[in-house]
Amino acid sequence: MYRSHNCGELTATNINTEVTLSGWVQKSRDKGFIVWVDLRDRYGITQLVFDEERTSKQMMEQAQNLGREFVIQVKGTVIERASKNPNIPTGDIEILVSELTILNESILPPFTIEDKTDGGEDIRMKYRYLDIRRNPVKNSLIFRSKVSQEVRNYLSKEGFIEVETPYLIKSTPEGARDFVVPSRMNEGQFYALPQSPQTFKQLLMVGGMDKYFQIVKCFRDEDLRADRQPEFTQIDCEMAFVEQEDILNVFEGLTRHLLKEVNGVEVEKFPRLLYDDAMRLYGNDKPDIRFGMEFGELNHVAQHKDFGVFNNAELVVGIAVPGGNSYTRKEIDKLIDWVKRPQVGALGMVYSRCNDDGSYKSSVDKFYDQDDLAKWAEVTGAKPGDLICVLSGDKNKVRAQLSALRMELAERLGIRDPKVFAPLWVIDFPLLELDEDTGHYHAMHHPFTSPKPGQLELLDSNPGDVKANAYDLVLNGNEIGGGSIRIHDKETQAIMFKHLGFTEEEAKAQFGFLMDAFQYGAPPHGGLAFGLDRLVAILGGQETIRDFIAFPKNNSGRDVMIDAPAPIDDKQLSELSLKLNLKS
Ligand code: ASP
């Protein structure tokens with residue numbers, strides 16, 4: 001028996017008990033006549049003591065030579081500590097060791113296994129198994145496990161069945177590039193790894209499973225923007241005989257359950273915001289509503305004066321920055337530089353200070369008098385002491401720019417409190433989205449999303465105006481889930497494919513199996529998927545997902561620990577009938 005107890009559970013109630021513990025040497029303090037060793041396992045740290053009077057000379061020497069991260073087993077007696085440590089559960093006791101066995105030695109770890117380590121990101125990723133011994137990573141993984149378990153608890157109670165779907169499949173329609181796997185047995189043919197189990201879960205509905213979920217890996221070969229992973233995890237769900245309202249209620253319930261069980265937070269009914277309103281009020285389809293600073297559209301009060309920049313703009317829009325009038329001229333100039341950075345892309349920024357005496361001082365006083373500026377304040381909801389920041393230009397661009405500014409200022413103001421949870425549904429997304437580069441429309445969610453009832457006719461005349469039965473769940477400025485009510489008849493699906501630019505043959509080749517299935521009594525159905533990595537990170541009060549993933553990839557999509565991806569040898573290539581044609 002390696003252990004009778006773990007390293008986190010012994011307290012004063014165990015004094016005088018004989019115990020056996022196993023774990024890693026966190027650190028030792030050697031005073032010559034006495035040696036203390038911190039023994040660590042997943043559950044905590046227990047202090048061991050060896051002293052000249054009570055420990056044999058040989059064991060004393062052994063203890064003195066224990067290195068960091070040695071794996072040891074000790075037998076001994078629980079005794080009361082002379083100087084207690086109130087910061088850890090085992091802080092009242094220590095183990096007077098009677099037997100010490102070294103189970104395995106360790107070479108010196110490349111970074112310290114401490115909460116605050118001296119190891120940088122790269123080295124920690126290379127030795128991730130050591131990183132996982134550290135509390136911040138260990139606790140994140142335990143936290144993730146708890147979230148997954150609560151997901152399973154809730155959905156099982158609601159009657160969902162967990163079904164696994166295959167990883168070696170054919171291209172799926174989530175809009176990213178596929179990872180592909182060559183098939184040895186089918187020369188020249190490839191599987192694609194699923195970008196999501198979308199088509200399979202719909203087929204499970206045709207198969208009568210009624211309520212499906214799966215905690216599942218998805219694969220998307222995208223250029224990795226910060227904090228994305230090429231393989232990530234979804235809580236993927238689908239239900240039959242449901243309308244949008246049913247789905248929103250079930251998964252609002254799941255989210256509320258998680259917030260309660262995992263964070264101990266009770267949240268009221270989630271607000272719902274139309275996509276159009278989200279864009280108008282926050283310039284963003286995943287607004288952070290933990291704070292106000294809603295957009296005020298100023299065209300009607302700022303145009304038709306003599307200020308050409310505003311007159312020529314499609315949209316003039318501003319936000320009130322609480323307390324922003326305290327910014328110095330220099331600070332405001334820096335803010336203007338910030339919005340002009342290429343990542344944000346604004347051409348400039350107009351501002352108006354809201355003085356405490358109710359007067360205004362703007363950067364465009366030449367064109368706007370106090371009455372005009374008072375209207376700006378009214379529209380943006382600015383109060384004395386605030387600063388109104390105004391951007392103008394092309395509607396979509398300027399909304400994105402002001403949204404970036406709003407988030408940046410909120411961050412600086414410290415009003416994005418990770419302990420506050422503000423979920424909401426964004427609903428009625430457009431069905432189609434115009435690709436500015438190609439001039440073609442593509443599905444904003446995916447091609448199986450149904451248009452709102454009665455809007456199918458609009459597809460020909462005003463494709464951009466058609467709204468979909470599609471919804472996103474947003475938490476603290478992040479999209480944590482999204483889904484839709486699906487098309488469930490072959491004809492509508494065929495119309496959709498046609499509008500997305502598929503020829504009949506292409507649609508049949510790619511999604512014929514689904515269209516076929518729809519001919520055999522497909523029930524009305526819909527669903528959604530949560531991004532588990534991000535959900536867990538947000539519930540855990542953090543912005544990055546990496547520490548919640550045991551073995552993440554770096555920004556170049558590499559696993560630096562196992563050194564993947566890697567070339568394969570010629571024999572393997574030849575078995576797969578592949579020849580390389582490398583560009584570099
Ligand atoms: N498959 C979709 C996605 O990955 C989710 C859904 O529509 O259920 O975003």
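Predicted model: local features only at pLDDT ≥ 70, side-chain atom pairs only at ≥ 80, totals over all residues.

Trainee: Okay. What is the bridge partner of V317 in β16?

Mentor: L391 is the partner of V317 there. That bridge belongs to the pairing of β13, residues 315-321, with β16, residues 387-393.

Trainee: How many bridges join β13 to β16, and do the strands run parallel or antiparallel?

Mentor: 7 bridges, and the two strands run antiparallel.

Trainee: What sheet do they sit in, and in which order do the strands come?

Mentor: An open sheet of 5 strands, with antiparallel pairing. The order is β12-β13-β16-β14-β15.

Trainee: Which are the edge strands?

Mentor: β12 (296-297) and β15 (360-362). Each of these pairs on one side only.

Trainee: What holds paired strands together in general?

Mentor: Backbone hydrogen bonds, and the pairing can be parallel or antiparallel.

Trainee: Moving to β1. How many bridges join it to β4?

Mentor: 7 bridges link β1 (residues 18-30) with β4 (residues 71-80), running antiparallel. In that pair, E18 stands opposite T77 of β4.

Trainee: And how many join β1 to β2?

Mentor: 6 bridges, again with the strands running antiparallel; β2 covers residues 34-41. S28 stands opposite V37 in β2.

Trainee: What do β1 and β2 form, and how many residues lie between them?

Mentor: A hairpin, with 3 residues between the strands. G32 sits in that turn and has a positive phi of about 90°.

Trainee: New topic: the ligand. Which residues around it come nearest?

Mentor: E174, Q198, K201, H445 and R486, out of 14 residues around the ligand.

Trainee: How much of the ligand's accessible area does the protein cover?

Mentor: 92% of the 270 Å² that the ligand has on its own.

Trainee: Which elements give two or more residues to the shell?

Mentor: α5 (198-206), β21 (478-485) and β22 (525-531). The largest share, 3 residues, comes from β22.

Trainee: How do the shell residues divide by type?

Mentor: 2 nonpolar, 8 polar and 4 charged.

Trainee: Switching to cysteines. How many disulfides does a search of the whole structure find?

Mentor: 0 disulfides.

Trainee: Is C237 buried or exposed?

Mentor: Buried, at 0% relative accessibility. C7 is buried as well, with a relative accessible area of 0%.

Trainee: Last one: Q62. Where does it lie?

Mentor: Q62 lies in helix α1, residues 57-64. With a relative accessible area of 28%, Q62 is partly exposed.

Trainee: How far apart are Q62 and L432?

Mentor: They are 370 residues apart in sequence. In space, the C-alpha to C-alpha distance is 71 Å.

How values were computed. Residues numbered from 1 in each chain as written. Heavy atoms only, no water. Disulfide = S-S within 2.5 Å. Buried < 20%, exposed > 50% of the residue type's maximum accessible area, 1.4 Å probe, protein only. Near = heavy atom within 4 Å. Areas by Shrake-Rupley, 256 points an atom, 1.4 Å probe, with all protein chains shown as cover. Helix = DSSP H or I, 4+ residues; strand = E, 2+ residues; numbered from the N terminus. Nonpolar A, V, L, I, M, F, W, Y, C, P; charged D, E, K, R; others polar. Pairing = 2+ DSSP bridges.
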